[in-house]
Structures are given as structure tokens and as C-alpha cells.
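User: I'd like to go through this model with you and ask how you know what you say about it. Can we start with the pockets and then move on to the charged pairs?

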Amino acid sequence: MERDMSTELVEEYASKIRPILPQAKQAYGRRSQSSPAHEASREYTRLLKEFYNKGGSLPLLAKKLNVAYAGVR
């Protein structure tokens, strides 16, 4: 049962993150900048924190998104 919940959580957050990921990767420079890429990056970080706080596995999410684990840690 726990595995199913974890899989569902990964699927849920992967579907939320996947659309903003390309733009979030383009955020360079100061974090305080206001650009579409920086907004996407902040939303990406917010979603990762929310996912982790709900007990989600960052390594599983990284694998699902096909990104390096270090990029989500």
C-alpha cells in the first residue's frame, strides 16, 4: 500500500513539474531576478519542497523526470 502511495505521489508531482522544467533550467544569474525562467525555477523549488514534505522520494522523482538526483536535492 505504501509503495502505491509513493508511486502516486511521484506521478502527481512529475506531472506538475514536467511542464515547467525546461524553463526552470534556463534561470541563470541572481535569484532575485524576475523573469519567466526565474519564476519557473521558484515554482520548481516550491513543488520539490512540497513533494518532499509529503514524504516523497526525491531519487524516484528525479528518475521519473529524467534529471540528476543532485538537481532535485
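User: Which residues line the second largest pocket?

Analyst: This is a predicted model, and in it the lining is made up of Leu21, Ala24, Lys25, Ser41, Tyr44, Thr45, Leu48, Val67, Ala68 and Gly71. The space inside comes to about 150 Å³.

User: What makes a residue count as lining there?

Analyst: Having an atom within 4 Å of a pocket point is the test, and Leu21 and Gly71 are among the residues listed as lining this one.

User: Which helix gives the most to that lining?

Analyst: That's α3, with four residues. Both α2 (21-24) and α3 (36-53) supply at least two residues each. By class, the lining has six nonpolar, three polar and one charged residues.

User: And what about the largest pocket, what is its volume and what lines it?

Analyst: Its volume is about 260 Å³. The lining runs through Ala27, Tyr28, Gly29, Arg30 and Arg31, then His38, Ser41, Arg42, Thr45 and Arg46. Sorted by class, you get two nonpolar, four polar and four charged residues.

User: Why is the Arg42 and Glu39 contact called a salt bridge?

Analyst: The N to O distance between their side chains is 2.7 Å. The cut-off is 4 Å between a Lys or Arg side-chain nitrogen and an Asp or Glu carboxyl oxygen, so the pair qualifies. Side chains of opposite charge can pair when their charged atoms come close. Arg42 and Glu39 sit three residues apart in helix α3, so about one helical turn separates them.

User: What makes Glu43, Arg46 and Glu50 a network?

Analyst: They're linked by salt bridges. Arg46 pairs with Glu43, with the closest N and O atoms 2.8 Å apart, and Arg46 also meets Glu50 at 2.9 Å, N to O.

User: How many salt bridges turn up in the whole structure?

Analyst: The search finds five.

Conventions
Residues numbered from 1 in each chain as written. Predicted model: local features only at pLDDT ≥ 70, side-chain atom pairs only at ≥ 80, totals over all residues. Heavy atoms only, no water. 1 Å grid on protein atoms, 1.4 Å probe; cavity = no way out; pocket = protein on both sides within 12 Å on 5 of 7 lines; lining within 4 Å. Points joined across faces, edges and corners; volume = space filled by probe spheres on them. Nonpolar A, V, L, I, M, F, W, Y, C, P; charged D, E, K, R; others polar.
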